[in-house]
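Here are my notes on the model, written as numbered points. Have the sequence and the 3D view open while you read.

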Amino acid sequence: MNALMRAYANAWSAAGAHNLAALANAVEAPEQQTAPENTVPAALRQDYLRAITSLSRFPDLQREMFRIGDRLAWMQGTMKMPDSFKGRFTYVELVGPCGMTASDDISFGLYLQQCDTIYPSHWHAAQEDYLVVSGTALWQIDSQDFVAQEPGTHIVHGSNQPHATTTLQEPLIALWFWQGDIRDSTYRVVGVDA
Ligand SMILES: [Fe+2]
């Protein structure tokens with residue numbers, strides 16, 4: 001797990017994300033057990049394998065994902081999602097309130113979105129950094145035009161700033177990092193009543 005965490009941190013650093021000061025401490029947290037009973041959901045497994053095969057821009061991270069990535073605690077969370085999006089994404093919270101390593105102050109991990117999938121506009125109180133590591137998808141901030149973002153792109157969403165992500169032919173893997181007010185209860189998505 002620690003080798004994965006180092007590769008994860010190195011990917012952020014290579015992308016010039018220097019505002020993630022808390023990451024270094026979290027990476028040095030005690031070794032955590034991976035959870036073999038938790039795997040990528042079956043419906044997403046093909047997309048997951050495609051995405052990590054295309055992760056070659058970050059070779060250390062790719063190696064660790066092949067080694068232990070499918071034994072991380074992939075989940076779909078408890079937040080309400082539109083029917084069109086349910087079951088088409090999964091994520092790992094490496095560190096956070098529900099994370100493989102506990103923290104009440106920050107939350108970060110990995111995100112997988114199936115190809116040909118619309119993640120509608122949503123927002124939350126936490127400031128959010130994304131680093132695209134596999135798959136070029138269309139990303140939107142506020143009501144601006146969607147922009148194709150390639151692996152290596154660092155994207156920042158301010159507190160409560162709406163954003164959306166649409167995948168086309170390729171599945172997406174992105175690293176995410178939340179700081180500030182990280183309560184899930186502030187999360188809202190278009191198409192779902194609060
Ligand atoms: Fe977000």
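1. Helices here are DSSP runs of H or I with at least four residues, strands are runs of E with at least two, and both are numbered from the N terminus.

2. A word on what you're looking at: this is a predicted model, where local features need pLDDT of at least 70 and side-chain atom pairs count only at pLDDT 80 or more, whereas totals for chains, interfaces and linings use all residues. Residues are numbered from 1 along each chain as its sequence is written, and side-chain values use heavy atoms, with hydrogens and water left out.

3. Which atoms hold the iron ion? They are H124 (NE2), E128 (OE), E128 (OE) and H163 (NE2), at 2.1 to 2.5 Å from the ion. Donors are N, O and S atoms within 2.8 Å of the metal (3.2 Å for Na, K and Ca), and since water is not among the atoms, sites may look incomplete.

4. The geometry of the iron site is irregular, with angles of 54 to 136° among the 4 donor atoms. For four donors, tetrahedral would need all angles between 85 and 135 degrees; square planar (four) or octahedral (six) would need opposite donors over 155 degrees apart and all others between 65 and 115; anything else is irregular.

5. Now the sheet around H163. Five strands make an open, antiparallel sheet in the order β8-β7-β10-β5-β12; strands pair if DSSP finds at least two bridges between them. β8 (147–149) and β12 (188–189) are at the edges with a single partner strand each, so one side of each has no neighbour in the sheet.

6. β10 is joined to β7 (residues 137–141) by 4 bridges and to β5 by 3 bridges. Across from β10, W139 stands opposite T165, Q140 has A164 as its bridge partner, and H122 stands opposite H163. H163 and T165 point one way from β10, A164 and T166 the other, and all are buried.

7. There are 12 aromatic pairs in the structure. Rings of Phe, Tyr and Trp (its six-membered ring) pair if their centres lie within 6.5 Å; planes under 30 degrees apart are stacked, over 60 edge-to-face, and the rest tilted. Y8 and F108 are stacked, 5.3 Å centre to centre with 25° between the planes.

8. W12 and F177 are edge-to-face: 6.5 Å centre to centre, 85° between the planes. W12 is in α1 and F177 in strand β11 (residues 172–179), so the pair ties together parts 165 residues apart in sequence. Separately, ring pairs link F85, F89, Y111, Y119, Y130 and W139 into a cluster.

Technical notes: Buried < 20%, exposed > 50% of the residue type's maximum accessible area, 1.4 Å probe, protein only.
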